[in-house]
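Colleague: I am new to this structure and would like to learn how to read its features one at a time. Could you take me through it slowly?

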Amino acid sequence: FVMHPGGDAVVFDAKGNPKWQGTLKYKGFGPACAVADGDFVWCTYPENNAVIKFNTTSMLADFKISGGTTDKFVSPHGLYIVDRKLIVTSSETGTIFSIDLDNFRENIIYELDEPVYQYIKIDSNEIILTKSGIYRL
């Protein structure tokens with residue numbers, strides 16, 4: 001799976017051949033971040049407060065969290081999957097959410113004082129990219 005910041009994307013099969021090519025826009029905006037999850041791709045759309053799961057066969061939206069005028073996920077930005085949990089960062093509020101991929105329950109795992117653009121976990125090290133720099137939690 002490869003995505004350009006404007007939303008143009010290509011999904012490849014196991015042999016590296018393109019199986020789908022197109023644009024993953026939501027209400028006129030390309031995603032800020034995307035992460036593959038088996039036969040699905042999760043994307044964030046901060047301008048629309050939305051996290052959307054796309055089916056890689058049809059590239060149609062399979063599931064949407066938030067969106068519209070709700071403030072549940074304000075400016076979702078970064079995505080990361082660890083231990084069957086989708087981690088979503090907020091580029092406006094500094095909140096880091098965990099979404100259980102088996103039952104879609106949401107939990108706030110961190111509330112920080114500045115925007116968070118990305119989260120990754122390597123072994124027991126949790127690393128974030130914020131407006132002011134890169135930090136280990």
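Modeller: Let us begin with one residue of the predicted model: Asp62 counts as partly exposed, because its relative accessibility is 43%.

Colleague: Which side chain does Asp62 meet in a salt bridge?

Modeller: The general idea is that side chains of opposite charge can pair when their charged atoms come close. In this case the partner of Asp62 is Lys53, with 3.6 Å from N to O, and Lys53 is buried, since its relative accessible area is 11%.

Colleague: How many salt bridges does the structure hold, and where do Arg84 and Asp102 lie?

Modeller: There are 4 salt bridges in the structure, and one of them joins the side chains of Arg84 and Asp102 at 3.2 Å, N to O. Arg84 sits in the loop between β8 (76-82) and β9 (85-90), while Asp102 sits in the loop between β10 (95-100) and β11 (106-111), so this pair ties together parts that are 18 residues apart in sequence. Arg84 is partly exposed at 40% relative accessibility, whereas Asp102, with a relative accessible area of 57%, is exposed.

Colleague: Which strands hold Asp100 and Lys85?

Modeller: Asp100 forms a salt bridge with Lys85, and their closest N and O atoms are 3.3 Å apart. Asp100 belongs to strand β10 and Lys85 to strand β9, so the pair ties together parts that are 15 residues apart in sequence. Salt bridges that share partners also join Asp37, Arg84 and Asp102 into one network.

Colleague: How should I read the order of strands in the sheet that contains β12, β13 and β14?

Modeller: Strands of a sheet pair through backbone hydrogen bonds, either parallel or antiparallel. Here 3 strands form an open sheet in the order β12-β13-β14, and the pairing is antiparallel. Its edge strands, β12 (116-122) and β14 (134-136), each pair on one side only. Between β12 and strand β13 (residues 125-130) there are 6 bridges, and Tyr119 stands opposite Ile128 in β13.

Colleague: Is Thr130 buried or exposed?

Modeller: Thr130, which is found in strand β13, counts as buried because its relative accessibility is 5%. Leaving aside residues up to four places away in sequence, Thr130 touches several others, including Glu114, Val116 and Tyr135.

Definitions and conventions: Residues are numbered from 1 along each chain as its sequence is written. This is a predicted model: local features need pLDDT of at least 70, side-chain atom pairs count only at pLDDT 80 or more; totals for chains, interfaces and linings use all residues. Side-chain values use heavy atoms; hydrogens and water are left out. Two strands pair if DSSP finds at least two bridges between them. Helices (H or I, at least four residues) and strands (E, at least two) are DSSP runs, numbered from the N terminus. Buried means under 20% relative accessible area, exposed over 50%, partly exposed in between (1.4 Å probe, protein chains only). Contact means heavy atoms within 4.5 Å.
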